[in-house]
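Please look over the structure below.

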Amino acid sequence: MFENLSEKLNRAFKNLRGQGKITEENIGEALREIRLALLEADVNVKVVKDLIDHIREKALGTEVMTALTPAEQIVKIVRDELIALLGKDTAKFKFASQPPTIVLMAGLQGSGKTTTSGKLANWLKKGGHRPMLVSVDVYRPAARDQLKVVADAIKAPIYAGNLEQPNTENVLRLAKEARKEAVISGCDILIVDTAGRLHIDDQLMDEMQGLKALLNPQEIMFVADAMTGQDAVKSADEFHKKLSLTGVVLTKMDGDARGGAALSIRHVTGQPIKFIGIGEKYDAIEPFHPDRIVSRILGMGDILSLIEKAEATVDKKKAEEFTKKAFAGDGFSLEDFRDQLRQVKKMGSFQSILGMLPRIGPFANMQKMADKVDEKQINRVEAIINSMTAYERDHHEAINGSRRKRIARGSGTSVQEVNNLLRQYAQMRKMFKDMGKASFARKLAGMKMPGM
Amino acid sequence: MKDSKARADSTSVTNSGQNFMIQTLFGSTEEQPKKQGIFERMKQAVSRTRENLSERIEEVVSLNAEIDRNTLDDLEATLIGADLGTKTTEQLLAALREKADRKQIGNIAELKRLLKEEVRNVLLRANVQPVQAVDGEPEVIMVVGVNGTGKTTTIGKLANVFRADGKHVLLCAADTFRAAAIEQLEVWGDRTGTEVIKTKAGGDPAAVLFDALQAAKARSLDYVIVDTAGRLHTKSSLMTELEKMRRTAQRIITGAPHETLLVVDATTGQNGLQQAKLFTESAGVTGIVLTKLDGTAKGGIVVAISNELGLPVRYVGVGEKAGDLLPFDAGAFVDSLFE
């Protein structure tokens, strides 16, 4: 659906080849493409305008380097600019010096506050904390039941309390009681789920301010839907003005929304996006990494530059041979696999390579893998293969127990690691052979690299 | 076609839209209607949107005294800012751009009038129709959408609309996945005096649908409204589940589901188009319900959806109360947007 921004830029820059500098004239079309890409990703128009001004300023007068195409150079400037806007590092969760830490969840209707409350509690539990949940959403039918079900599912305590009338008085009473209960039962965190409300609903925004005054929370999280469009700035701005938010949770990031709202929200609130929601299960939450969403907002990751980079470094002939072997005939040997590993190493950091793939669609799993892959692990895998004889590399099925022991000793690893590698190698080999027949992308989604 | 006041009848939509436009253009003194009905309320609901957008259009246009290409480029950004999306915006502006190039558009007012007309036409051209229910059989309305758009609330309001019309309605709680979704629908059942057919949490949605449709058929009810679990359109297994539900419905009642409503949150950006595309593929969407229009969000994505997929907007949600669901009035929507 979306054309890769790099492609568009390359087109826009066709005329720039042979010119030494980026100038006001030759950058015009490129900036227009960037502007459209950002708008398609739902970044707010005003934010886009600011960004484009910055980018123009930075790009003008930049020497066109020989190593990068002008398009790549602009993409780099854009990416740096967006990452700078989002903040470079993952934001930390704030704890109270004197427990309980209180987390107030705020947001529009349907943004995912209740589910996120549960996920957050689950995440904190895994971190060794004892979170307690309370719902003060006395308005939406069955909202409090919903949080109860969530709490039961993750085995976190919940303060239910009694509710007679759905009004602000009872909201505040429930919150107060819950805090007391948290202290009594030794819970160090209290997560307060609130009713979804419109930022222009004065009465309910007053209630929110009342809750803030009463609880003095360490974290006031704005829960926002990743699919939000241009209106994101208005709601986030109002919530921030009235509550002084401390962080943002961007939900439903497991869909295919580009998530430009992240930039808008960050721009108007100045508050970091702390978490993203990536599924319906209670462990589907993770800390936010600015660089990832930037690739996503800009389009397809940067497949094109990945290809260019790969073409520059990878021995084309060898790669073709490998593909032929892997997809047909006898499959690839451990020797071939080692060659591939070396190529990958030559291209640069594994993470940065995978980082260039889009984060949605068939590549989603590859991205998850990138987080787990340790550069050192590649070296270990290589060491294991190095410790094999040439015969063993061609005949993996011949590697019996005593050979495995020897290989493990030789590579300074364990028999388990050798077993692991061999098992996964066999799987991958088979998978590649199957791929010769089946759709490539579908398989890629479930692919695992040996030893990782 | 089944007689129901609630469904936005395309003729009346056209008429009220035209009337309103005539009033706006020429000023009406004696025939100014004092309707505090649906139309006024919808106007109120989108007034914030309107103020904002028209302010920005004024701003854009007044900055450029003479209409030229730049004016239109700026206008393009303004429409995109209303969530209409780049493609639809581009199409809307293409004709205007040509005319402006030939200096055929003299002033700002004319430019706005033409643009308004274009958007209105896009919405009115969208004419996917629901399947007609066989006489004596219940009409089945399936409500689908991504998580958190307001499906269950919309169903409560829809039940209210039909009940007010004296119809017999059954609600089917086929969202067995989300925590307490069934309880939420039951509260709406109580509020509107409508029976809810349910199963236990985690049950098979197709099974509860089967039960509900059997019951409705046996009792010759007028409507069955089916609540489904919110799902991201990218989760193919969950989308397949919707296909299965459709097949189940089809087996029990001819032509069911007759209407499949996609609930779209007015705050939704460009992803709304993907939602509409994929839900239409799996669930056979026949119309849109645009919810949360009482906020500051413009809901312009529905223009893109109507434009690209031909899906009409049937209702708009303007609040949390049972009565806060109004038939969509394309004329009013656009007039309000561009006034």
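In this predicted model, 36 residues of chain A are in contact with 47 residues of chain B, where contact means heavy atoms within 4.5 Å. The model is predicted, so local features need pLDDT of at least 70 and side-chain atom pairs count only at pLDDT 80 or more, while totals for chains, interfaces and linings use all residues; side-chain values use heavy atoms, with hydrogens and water left out. Residues are numbered from 1 along each chain as its sequence is written, and chains are lettered from A and ligands numbered from 1 in the order in which they are written.

**Where the chains meet**

- About 3300 Å² is buried between chain A and chain B. Buried area is the accessible area (1.4 Å probe) that two parts lose on being put together, summed over both.
- Carbon and sulfur atoms give 55% of that buried area.
- On the chain A side, A:Pro141, A:Met227 and A:Glu280 lose the most area to chain B, together 18% of what that side buries.

**Salt bridges**

- Side chains of opposite charge can pair when their charged atoms come close.
- A salt bridge is a side-chain nitrogen of Lys or Arg within 4 Å of a carboxyl oxygen of Asp or Glu.
- Over all chains, the structure holds 28 salt bridges. Between chain A and chain B the count is one.
- B:Lys235 and A:Asp254 meet in a salt bridge through their side chains, at 2.4 Å from N to O.
- Within chain A, A:Arg56 forms a salt bridge with A:Asp53, and their closest N and O atoms are 3.6 Å apart. Both sit in helix α3 (residues 45–59) of chain A, three residues apart, so about one helical turn separates them.

**The sheet of chain A**

- Helices (H or I, at least four residues) and strands (E, at least two) are DSSP runs, numbered from the N terminus. Two strands pair if DSSP finds at least two bridges between them.
- Eight strands make an open sheet in chain A, ordered β3-β2-β4-β1-β5-β6-β7-β8, with mixed pairing.
- β3 (158–159) and β8 (285–287) of chain A are the edge strands, and each pairs on one side only.
- Three bridges pair strand β7 (residues 273–277) of chain A with β8(A) in the antiparallel sense. A:Ile276 stands opposite A:Glu286 in β8(A).

**Two helices of chain A**

- Helix α9 (residues 232–243) and helix α10 (residues 261–269) of chain A have axes that come within 9 Å and cross at roughly 35°. Axes are lines fitted to C-alpha atoms, for helices over the stretch in contact, and angles run from 0 to 180 degrees between N-to-C directions.
- Among the residues that meet are A:Ala232 and A:His240 in α9(A), and A:Ala261 and A:Thr269 in α10(A).
- α9(A) also lies across β1 (101–106) and β5 (219–225) of chain A, running at about 170° to β5(A).

**The sheet of chain B**

- Chain B has an open sheet of eight strands in the order β3-β2-β4-β1-β5-β6-β7-β8, and the pairing is mixed.
- β3 (195–197) and β8 (325–327) of chain B stand at the edges with a single partner strand each, so one side of each has no neighbour in the sheet.
- Neighbouring strands of this sheet are turned by 25° against each other on average, direction ignored.
- Strand β5 (residues 259–265) and strand β6 (residues 287–291) of chain B run parallel, joined by five bridges. B:Asp265 has B:Thr291 in β6(B) as its bridge partner.
- Helix α11 (residues 301–309) of chain B packs on the sheet and touches β5, β6 and β7 of chain B. The direction of α11 makes about 175° with that of β6(B).
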